[in-house]
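Subject: Structure handover

Hi,

Here is the structure for your files. My notes on it follow below.

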Amino acid sequence: MSIKTAEEIRKAYLKWIADNTRIFQKGDIATISTPFLNPHNDHIEIFIEPLDDNKVILHDGGETIEDLKWQGVDFASSSKRQKIFDDILQSYGVKRNGDRIETIITPNDAGIKKHFFIQAILSINDMYLLAQHRVTSLFYEMVKQLMDEKEINYSSDIIIQGKSIQHRIEFLVKNPKSNEKIIKLINNPTKQQAELATFMWVDIKDVRPASSKVVFLNDKEKLGGDAETILNTYTDKVLLWSQQEKAIEYLAQ
């Protein structure tokens, strides 16, 4: 992929975000409706309240945790779920206040903190997979355990500065005889998640030109045609959870 094509993709993605973001008033609170969707395919909304000293608080109105409770995810009854939840908050620099997910921004860091806030909400939404009638572990924990068992040399929760924004990378694998592998996990294989991964690859292309861009996909759910096309076009390697032996063989190279 040429630099010109990569730049066109980056600009198109940023334009898509701008064109599909709505700002309106909800009572006394300003609200941002984002293009990103929750598990019910409703747009994720961010509520904005002013603070002192030119600061603003962003929050989700308690909707994320309330929805998880409705789906049967009970933090109080599971220390493992609570730890996973706390790790997500810490990774993206956001906090829980009651049932609200919050972050405080200033004019200097508004863009990156809004980005991390949305990423946190998307990651927390994935916890609906922890409902008792579904699965007992998030995909991140499953992949981490697999790599530990197979003695893959990796770092986790890496922040990489791209051309536009910073990106959180779940895993970075380094081997002496090959290029480093940047690994993005996709637990819910939707077109939206594929587009997010593609934007990240394009945005960090000039920063880590020699790195292999890898997606590790939880393919328990069928991969949609659009998502598959996007991933196969802009990702160096797509690993499948259903083919763990092949994945480990690639990571060990």
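How many bridges join S1 to S2, and do they run parallel or antiparallel? Five bridges join them, and the two strands run antiparallel. Strands here are DSSP E runs of at least two residues, and helices are H or I runs of at least four, both numbered from the N terminus. Two strands pair if DSSP finds at least two bridges between them.

First, the ground rules. This is a predicted model: local features need pLDDT of at least 70, side-chain atom pairs count only at pLDDT 80 or more, and totals for chains, interfaces and linings use all residues. Residues are numbered from 1 along each chain as its sequence is written, and side-chain values use heavy atoms, with hydrogens and water left out.

**The hairpin**

Two residues sit between S1 and S2 in their hairpin. There, Gly27 takes a positive phi near 70°. Gln25 stands opposite Ala30 in S2. Strand S1 spans residues 22-26 and is hardly covered. Of its five residues, the count of buried ones is zero. Buried means under 20% relative accessible area, exposed over 50%, and partly exposed in between (1.4 Å probe, protein chains only).

**The cores**

The largest nonpolar core has 32 residues. A nonpolar core is a set of buried Ala, Val, Leu, Ile, Met, Phe, Trp, Tyr and Cys residues joined through side-chain atoms within 4.5 Å. Phe36, Phe85, Ile101 and Met127 have the most contacts inside this core. Elements that each supply at least two of its residues include helix H1 (3-19), strand S2 (29-37), helix H3 (79-92) and helix H4 (110-125). H4 gives the most, with seven residues.

Take Phe85. Leaving aside neighbours within four places in sequence, Phe85 is in contact (heavy atoms within 4.5 Å) with Ile65, Phe75, Arg96, Ile101, Ile124 and Met127. A second, separate core has 20 residues, including Met142, Val143, Ile183 and Phe216.

**Two polar residues**

Thr64 lies in helix H2. Thr64 counts as buried because its relative accessibility is 7%. Its side chain makes a polar contact of 2.7 Å with that of Asp60. That term means a pair of N or O atoms within 3.5 Å; within protein, one must be able to donate a hydrogen and the other to accept it, and residues adjacent in sequence count only if both atoms are side-chain atoms. Beyond four places in sequence, Thr64 is in contact with Ile121, Ile124 and Asn125.

Arg81 is in helix H3. At 11% relative accessibility, Arg81 also counts as buried.

Best wishes
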